[in-house]
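Please keep the structure in view while reading the points below.

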Amino acid sequence: MRLNWLTQFAQIIVVLALAPLLTGVTRKIRSRLLRRRGASIAQPYCDLLKLIRKEVVVAENASWLFRAAPYVIFATTWVAAALVPTFAMGLPLGAAADMIVIVALLGTARFMLALAGLDVGTSFGGIGSSREMMFASLAEPAMLMAVFTLSLFAGSTELSSISSFMLGPHAGLNISLALALVALIIVAIGENARIPVDNPATHLELTMVHEAMILEYSGRHLAVIEAAASVKLLLYLSVIGCVFIPWGTAMAGANPIAYVIGFASYLLKLLLLGFLLSVFETAIAKMRVFRVPDFLGVALMLGLLGTMLLFVSKVPR
Amino acid sequence: MTSLESDIAHLLAGSMVLVSFLLLYQDRMFALLNFFAIHACVLAFSVGWQAYLQRAPHLFITALIALLFKGVIIPVALHRIVVRLGIHRTIEAVVSIGPTILLGIALVGLSIIVMLPVTQAEGAFVREDLAFALSVVLLGFLMMITRRNAVSQVIGFMSLENGLVLAATGARGMPLVVEISVGFSILIAFLVVGIFLFRIRERFDTVDLQALDMSRGETSGESA
Amino acid sequence: MEHLGGLIHRMPITAVCFLAGCVAISALPPFNGFVSEWLTFQGILLSPQLPQWIPRLLVPAVGATLACSAALAAACFVKAFGMTFLGRPRGAAASGAHETDRWSQCAMLLFAVLCLAAGTLPGFVMDALAPVMQMILGARLAPQSTQPLLRIAPIDPARSAYNGALVLVMILVAAAATALIVRRFASHALRRSAIWDCGFPDASPATQYTPGSFAQPIRRVFGSTVFRAREHVAMPKPGDPGTARLHVDLHDTLWEALYLPVIRFIDSVTVRVNRLQFLTIRRYLTLVFSALVLLLIIVGVWR
Amino acid sequence: MILDLGSAALRAVLLVPSCGAIVLAAIPNYRLSAALNVALCALTLASAGILYGHRPDPSLYLVVDDLNTVFLIVGALVGFSTSVFSAGYIAHELKTRRLKSRDLRFYHAMYQLLMFAMNLALVANNIGLMWVAIELATLTTVVMVGIYRTNAALEAAWKYFILGSVGIALALFGTILVYLAAEEHLGQGMTAMAWDHLVPRSAAFDPALLNLSFVFLLLGYGTKVGLAPVHAWLPDAHAEGPTPISAVLSGLLLNVALFALLRFKLIMAGNPRVLSPGPMMVTMGLVSLVFAGFMIYRRRDIKRMFAYSSIEHMGIITLAFGLGGPLASFAGLLHMAMHSLTKSAIFFGVGYVSQLEGTQQIADIRGLTQSQPLLGWLLVVAVAAIAGLPPFGVFTSEFLLVTSTFARVPWLAILLGLGLIIAFSAIALRLHGLAFGETDKRHRLPAWRLAPMALHLAIVAVAGIYLPATVITWFRHVASLLG
């Protein structure tokens, strides 16, 4: 029992610690693929430190919400990430909240971020927020549909039990799972402001969505928000990892070796997924804003289709 | 009563229907007035005959009213009105004479059909008499709606009312017949006076010189 | 909304309560709206066990619709709060606004607190509502308020559970921790300055996003089919100083499908019937006559 | 003793108005005559009230039974409050030179004559006598409708006169037929025309004659009731005549004609072999209801609009009685009473409105609740009541009717409901424009002049919420008589 709490706590720290690293890795791989040298893997950490040290510039008419939002965003994202079993199962907090809660927590973060974008009252913030909410209005249902598929398949909405079910004998190749996977990936790309939906590296004003919202932020606020963003990316990748590549994850109350193996396998999963993500990003070009709904709509349709198939085909436990 | 007596009553009633047809047939104003006078006289005779048959002296009053008021006064008054107001001497018909007559015959047939199931207990007399009365009523009504001319409409109404009196007197021992006939005479007086007062030249619904179709409270039908 | 904005500075308490309401109604944790949505989803996830086929096919669609509506609600209330309370005042009324009286504030606060309470301690609410279920359905959930650590698990803890209180605590702790760490290590320097104006100084509040422009993307994605929304932009010719105009027309599909036909029908009937008000007396008499003849025929035919 | 009181009251009901008419014809001063008019109506009302308690024995000519006491009391009440209303109304007409004092003399005399005629028609035990009375009532109303001598008024009166006399003629033929049917069983003379002899013996009468007679009576008296398609005189007569007359027409005359129909329906109902009158009445009622409902939509003249609403409600009542059965007849009876009260109240309000605004065009009348709050709101209440909204009596009766119809003839109930909805929405549509909206006009109206309206509405509201047990038993008994 105490072990479980220990792993839970370790995990909370781990997600926080690994998030910037993941961002760095993906950037590195991308630049490599683009025949660039690219910044070092540790660059995101340095950026965060730099930002933290910098002075904060706040617009005159910014309200308390503008200054509180980063912390709320970060906290909710972090909590959501902490609920995802990364290298070990059987997290005590996992019992407190299931996948639906994770989706909803990310929703809260998005809500606050959009508000923060509107707070100062520039047209950039407006553009960012309105487009973000438009994306969300398709991405969130798509995510939920994928969650439905998984939980109908596994007979539970909790990630750890889903993951352990995937390891178990009943799991097998299933078209619904494939659909859910594709849906999840599309949503992950959309939600993390990656190409082709958005470009995390751009400041080209009319194409940016996420960057437009946080345009007014600077200093420690910006640092917190950036951290939240990378935690979010980590979260999505680890969700995909723990559901679709469940192997190696340490069972609850296993011996320390298992934990080490679990951690190693987790790192491998992240690396793999990050690599695939970067390949995908480099392989594709950014879309026009109003083609994104089609892109996300596909995700929604796939998720719905998966759920339908499960509803019709087998009656889950 | 003997068959002869009933036959006479029958004859008179039937002749009223005949005269109603003649009224329908007219297309000249004054001829119409004269024929209406005849209609009234026939009614008067029939009522008088009934009075004699039923030993009901009060019916003689009705007969008298019919004779004097409807047989003489009204036609004369209408005659003068026509002259005074310069009403067209020809009667413009909505449905031309021929079809009107056919309609009239159909109506007579209808009234006979509806009277058929009446039980015979009354004796053949009343049933036929009623059928004739009903036909006279319907023919009068027909005249009211197929003639545009105000005077001819009034005459139609009066012949309709003659039919009523015929029926009322035919019903033996019916009380209040006199009062009713008096009441109707008042009605008709109203009508004639009204025609005169309102200077109704051609139609019921063109009171005074200008047509009042425009002022029926609403100006014609479109959206409120 | 076109004339509001920036109220958060002048009506702080109202703003807080309104924000709480917005978060709650957008079904976001840790407020009450999310609990009910979560329970609904649990119900939907149970529905494959339904014996009938039709609902089995319908239910996932319903779930998708519910998810969509929740997300759209979030968008809607970002707009509602953002346009009203955030940004800069768009009109004199907004810039001259002031906080309401204590009583109204108390009322708002009370409900905001209730929203949070119902969201964090849902078990008690569910148990309070259970008798109604008993009355309507003749069945009820297992008592929730007795669950360990205030969590709710309507079907089975292994299957799904939600613990509002814990989530709230975790968020608070995380936020506090972050704040502390940042305070501890970060520089405290803070400077107020003008908005980053992209090279066009003192842009007027009119350059802010308006509610209409905020809604535009969603309108383009969803509204174009549901409300047959069409946008017409009238641009003046180059060199013409006239104003450009954007005109949006929306159609209420339901109204046009259900009610307009009835209205049209009644209109046409009334126009036709209304002619009867303007007949001549002779025609009215004809009506009477034909009614009489008709009834006589009925009587004659009837045996 | 009781008998004496009753017969005295019966005489009073007839003598007070008739003598009053003569006296009023002689009085030149209109204030005095108006006051006297009110007093006479009050007296009539009082004696009508006595008649409820004490019934004189029926003579060959007059009879007082449960059925006609209902109509008598309602009529007397409406007549009384209308006289109060007209006292205030005509003064204004005199001021605006629409009427001269000579007209008023005539007007008051005619008013009492009308009261006399209607009371006579109600208490008459003799179908011939009743016929004469209704003819008299028609003639008096004809001359009163034409009293303004405007083209429109004259034309309305003329139309009323022509259609009315045709109706009278048809009714008379029907009456003669009934006499013929009765005569062979009851012997010649008065007895063959007396209700209390006719009704119990009707089983033996010749069905063919009865059928025929009912056709004529339905169309003849139906003209007076204002049933479509023989309604044509009604809207114009209501719209062009002085408003008190519109109130009396809607509140009384229509009821009296309906009463006549009911009497004959009783005879028909007594005879098993006749073509039952129900279907005919139901059909005409339904036609009137739907037709009037549609007509209301396009009305521009406010009085004409409410005239059509009268047609609609008469249709409802006829349908109820045609449907028969204790519940439906009860509903019809209640609806009759409620409609008279509400509709006359509405006409009071409309009369004031048209005087204050100087127009009857709906389009020109706006925001009454602002320009004259008390009157405006009273009118709103009245219209809500007539539209059949709870908690007013009209709703109660309509509800009863619809439920009983559903229980017996569901498809008919659907048609009925549709008709009710059509008419309701038509009225509601107009009401909003009349009552609400911005206006800068301000009018003063002494409160006492609104008293009659308030009185009627109060009764209707109370009846909607609570019907006294005595009234219920009374109406139920009448309904059972109507079968």
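The model discussed here is predicted. Among the four pairs of chains that touch, the most contacts are between chains A and C, and strand 1 of chain A is also joined by bridges to strand 1 of chain C.

**Contacts between chains**

- In the pairing of chain A with chain C, 71 residues of chain A are in contact with 71 residues of chain C.
- The elements that each give two or more residues to the side of chain A that touches chain C are helix 2 (43–53), strand 1 (56–59), helix 3 (64–82), helix 4 (99–119), helix 5 (123–154), helix 9 (219–244) and helix 11 (292–313) of chain A.
- Helix 5 of chain A supplies the largest share of that side, with 16 residues.
- Sorted by class, the side of chain A that touches chain C holds 42 nonpolar, 18 polar and eleven charged residues.
- Chain A has no contact with chain B, the closest C-alpha atoms of the two lying 46 Å apart, and no contact with chain D, where the closest C-alpha atoms lie 39 Å apart.

**Strand pairing**

- Strand 1 of chain A and strand 1 (residues 190–193) of chain C run parallel and are joined by four bridges, and in this pairing A:Ala59 stands opposite C:Ser193 in strand 1 of chain C.
- Within chain C, strand 2 (residues 230–234) and strand 3 run antiparallel and are joined by five bridges, with C:His247 in strand 3 of chain C as the bridge partner of C:His232.
- Strand 3 (residues 245–249) of chain C is hardly covered, since the count of buried residues among its five residues is zero.

**A helix crossing in chain D**

- The axes of helix 13 (residues 326–357) of chain D and helix 19 (residues 469–482) of chain D come within 8 Å and cross at roughly 120 degrees, which makes helix 13 of chain D oblique to helix 19 of chain D.
- The crossing of helix 13 of chain D and helix 19 of chain D is right-handed.
- On the side of helix 13 of chain D, the contact is made by D:Pro326, D:Ser329, D:Phe330, D:Leu333 and D:Leu334, which meet D:Phe475, D:Arg476, D:Val478, D:Ala479, D:Ser480 and D:Leu482 in helix 19 of chain D.
- The residues of this contact between helix 13 of chain D and helix 19 of chain D divide into eight nonpolar, two polar and one charged.

Key. Residues numbered from 1 in each chain as written. Chains lettered and ligands numbered in written order. Predicted model: local features only at pLDDT ≥ 70, side-chain atom pairs only at ≥ 80, totals over all residues. Axes fitted to C-alpha atoms, helices over the stretch in contact; angles between N-to-C directions. Parallel < 35°, antiparallel > 145°, perpendicular 65-115°, else oblique. Left-handed = near helix turned anticlockwise from the far one by under 90°. Contact = placed C-beta atoms within 7 Å. Nonpolar A, V, L, I, M, F, W, Y, C, P; charged D, E, K, R; others polar. Pairing = 2+ DSSP bridges. Buried ≥ 20, exposed ≤ 12 C-beta atoms within 10 Å, placed from the backbone.
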